[in-house]
Amino acid sequence: MRSGREACGSSSGHAPQEATPPGSPKVIHRGRESQDIDSLGFAFTGAVHARAPMRRAGRQMPLTNENLPPVRTWGRPEQAALPAHSVALLADDACSHSHGISVESAAPGQSRLSMTVRAEMLNSHGICHGGIIFLLADTALAYAANDGAAPVVSTGAQVHYLNPARMDDVLSADCEALHEGAKSGLYDVTVTNQEGAVVATFRGQSLRARSLAAPAR
């Protein structure tokens, strides 16, 4: 025998909402537009997941790490000792040095980098240029993917900018490997500011190259 709630719907007079189907993406940002951003940084529309109820349509969810899958941490920067191959990689990384990027931790398949937004990184709107944020995320991929064997480079990426970064913001990029094969890999990077707000999500692919030596002329 069904209960009164089951027979008549919820006590508020509305039909009970359907449960979210297993495996559906977790929404970490929902704006006024029809497009949502899932926990892996990819856009999807409500039509694709029509069975998933839009419980907070038209509202923006708080953009903090609480909305994201757990990110591994490896202690404070001063406690994290970089492996030898990461130290060697950083020694020749002129781009990271010129942008003030710090490698706080690095291990196979994971890394954490940070960078302070400077005046020369701002665009005409007074916020950090998206290319600079992309650079930070892509560099985090590099330190997670390179293990001291054959060099690994990125071959493509998709990025979503969710919140602006401003002058003097301290951005952190946490990278986690989703797949690491013999030749290719797939990585997710979450960029946050000092308050924990999600600035961008990034998913990139990598390729293990035989050699990056310049061709003979």
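Strand E9 (residues 198-208) is mostly covered, with eight of its eleven residues buried. Buried here means under 20% relative accessible area, exposed means over 50%, and partly exposed lies in between (1.4 Å probe, protein chains only). Strands (E, at least two residues) and helices (H or I, at least four) are DSSP runs, numbered from the N terminus.

This is a predicted model, in which local features need pLDDT of at least 70 and side-chain atom pairs count only at pLDDT 80 or more, while totals for chains, interfaces and linings use all residues. Residues are numbered from 1 along each chain as its sequence is written, and side-chain values use heavy atoms, with hydrogens and water left out.

**Overall content**

The protein has four helices and nine strands. Along the sequence they follow the pattern α-β-β-β-α-α-β-β-α-β-β-β-β. Of the 217 residues, 35% are buried. Contact means heavy atoms within 4.5 Å. Among the contacts with a separation of 6 or more, 62% are between residues 24 or more positions apart.

**Strand pairing**

Two strands pair if DSSP finds at least two bridges between them.

| Strands | Sense | Bridges | Opposite residues |
|---|---|---|---|
| E6 (residues 152-161) and E9 | antiparallel | nine | His160 and Thr201 |
| E8 (residues 184-192) and E9 | antiparallel | nine | Val189 and Phe202 |
| E4 and E5 | antiparallel | five | Ser105 and Arg112 |

The hairpin of E4 and E5 has two residues between its strands, and Gly109 in the turn has a positive phi of about 85°.

Helix H4 covers residues 130-145. The expected span of a helix is 1.5 Å times one less than its number of residues. Buried residues in H4 include Ile132, Ile133, Leu135, Leu136, Ala137, Ala140 and Leu141. An α-helix has 3.6 residues a turn, so residues three or four places apart point the same way.

A nonpolar core is a set of buried Ala, Val, Leu, Ile, Met, Phe, Trp, Tyr and Cys residues joined through side-chain atoms within 4.5 Å. The largest such core has 30 residues, and Ile133, Leu136, Leu171, Val189 and Val191 have the most contacts inside it. Two or more residues each come from E4, strand E5 (110-116), H4, strand E7 (170-180), E8 and E9. H4 gives the most, with ten residues.

What is Val189 in contact with, leaving aside its neighbours within four places in sequence? The list is Ala137, Ala140, Ala173, Asp174, Cys175, Ala200, Thr201 and Phe202.

Rings of Phe, Tyr and Trp (its six-membered ring) pair if their centres lie within 6.5 Å; planes under 30 degrees apart count as stacked, over 60 as edge-to-face and the rest as tilted. By this rule there is one aromatic pair. Phe134 and Phe202 form it edge-to-face, at 5.1 Å centre to centre and with 70° between the planes. Phe134 lies in helix H4 and Phe202 in strand E9, so the pair ties together parts that are 68 residues apart in sequence. Phe134 is partly exposed at 29% relative accessibility, whereas Phe202 is buried at 2%.

Arg203 is in strand E9 and is buried, with a relative accessible area of 11%. A polar contact of 3.0 Å joins its side chain to that of Asp188. Glu104, in strand E4 (residues 102-107), counts as buried at 16% relative accessibility. The side chain of Glu104 makes a polar contact of 2.8 Å with the side chain of Ser114.

**After E9**

Ala209 is in the segment after E9 and counts as buried at 14% relative accessibility. Leaving aside neighbours within four places in sequence, Ala209 is in contact with Ala150 and Pro151. Ala209 and Ser184 are 25 residues apart in sequence and 9.4 Å apart in space, C-alpha to C-alpha.

Methods: Polar contact = N/O pair within 3.5 Å; in protein donor to acceptor, adjacent residues only side chain to side chain.
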